[in-house]
Amino acid sequence: MSKRQWPFLLGGLLVALLLAGVVSNYASSHPDGLDSSLLKGCTVNADDEITGGSCPAQEAKDHELADSPLADYGVRGIGNDFVSTGLSGVLGVLLTFALGGGLFWLARRRGPAAPAPNAAGADPVDEAATPSSGAR
């Protein structure tokens, strides 16, 4: 990677960290389209708990990873919601950046594939496209 690309890469990482760590705390707390469509037919209180009616959301179960350290857009064990959500976003960005960077590093390290020889065993370069050595 050239030296000109590092400021762009680090700038993008900084913007992603800022968005994930700070701006994510100001996202809408209202349910998205899928959640709201699953709540059609039910009455919901201010804490988003179903209090009556009949809807598909009543059949919902906890996810298998619901008790994982980064479940529910926060870090388990941190009492401050703002810090917990921001830290969760920052950790997600860093993990994604590390995984993506590692995969790109492995792909780059492998190098380009060698061209396959043609059926006659000759050089795969098209002779018609190469300039002749004679004078015009």
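This is a predicted model, and I will start with its aromatic rings. How many aromatic pairs does the structure hold? The count is 1. The partners are Tyr-26 and Phe-82, arranged edge-to-face. Their ring centres are 6.1 Å apart, and the planes make an angle of 65°. The angle is over 60 degrees, so the pair counts as edge-to-face and not as tilted.

As for the surface, Tyr-26 has a relative accessible area of 63% and is exposed. Phe-82 is partly exposed, at 37%.

Now the overall layout. The protein chain has 3 helices and 2 strands. Read from the N terminus, the order is α-α-β-β-α. The chain has 136 residues, of which 10% count as buried. Among contacts with a separation of 6 or more, 29% are between residues 24 or more positions apart.

Next, the disulfide. A disulfide is, in general terms, a covalent bond between the sulfur atoms of two cysteines. The count here is 1. Which residues are joined? Cys-42 is joined to Cys-55, with a sulfur-to-sulfur distance of 2.0 Å. Cys-42 is in strand S1, and Cys-55 is in the loop between strand S2 (50-53) and H3. They are 13 residues apart, and the pair links distant parts of the chain. Is the disulfide left-handed or right-handed? The torsion about the S-S bond is about -95°, so the disulfide is left-handed. Both Cys-42 and Cys-55 are buried.

Cys-55 also turns up in the surroundings of Leu-39. Leu-39 is in the loop between H2 and strand S1 (42-44). Leaving out residues up to four places away in sequence, Leu-39 touches Val-44, Ile-50, Cys-55 and Ala-57. Take Ala-57 from that list. Leu-39 and Ala-57 are 18 residues apart along the chain, and their C-alpha atoms are separated by 5.7 Å.

Ser-36 has a relative accessible area of 31%, so it is partly exposed.

Let me move to empty space. In general, rolling a probe the size of a water molecule over the atoms shows where empty space is left. The largest pocket has a volume of about 910 Å³. Which residues are closest to its centre? They are Ser-28, Ser-29, His-30, Asp-72 and Tyr-73, out of 26 residues in the lining. H2 and H3 are the elements that give two or more residues to this lining. H3 gives the most, with 5 residues. Sorted by class, the lining has 10 nonpolar, 10 polar and 6 charged residues.

Most residues other than glycine have a negative phi. What is the phi of Asp-72? The value is near 60°, which is positive although the residue is not glycine. Tyr-73 also has a positive phi, near 60°. Asp-72 is in the loop between S2 and H3, and Tyr-73 is found in the loop between S2 and H3 as well. Asp-72 is exposed, at 71% relative accessibility, and for Tyr-73 the value is 71%, so Tyr-73 counts as exposed too.

Last, Ser-88, which is a contact of Tyr-73. Ser-88 is in helix H3, residues 81-110. Is Ser-88 buried or exposed? Its relative accessibility is 12%, so Ser-88 counts as buried. Setting aside neighbours within four places in sequence, Ser-88 is in contact with Leu-70, Tyr-73, Gly-74 and Val-75.

That is the end of my part, and I can take questions now.

Key. Residues numbered from 1 in each chain as written. Predicted model: local features only at pLDDT ≥ 70, side-chain atom pairs only at ≥ 80, totals over all residues. Heavy atoms only, no water. Helix = DSSP H or I, 4+ residues; strand = E, 2+ residues; numbered from the N terminus. Buried < 20%, exposed > 50% of the residue type's maximum accessible area, 1.4 Å probe, protein only. Contact = heavy atoms within 4.5 Å. Phe/Tyr/Trp six-rings, centres within 6.5 Å; stacked < 30°, edge-to-face > 60°. 1 Å grid on protein atoms, 1.4 Å probe; cavity = no way out; pocket = protein on both sides within 12 Å on 5 of 7 lines; lining within 4 Å. Points joined across faces, edges and corners; volume = space filled by probe spheres on them. Nonpolar A, V, L, I, M, F, W, Y, C, P; charged D, E, K, R; others polar. Disulfide = S-S within 2.5 Å.
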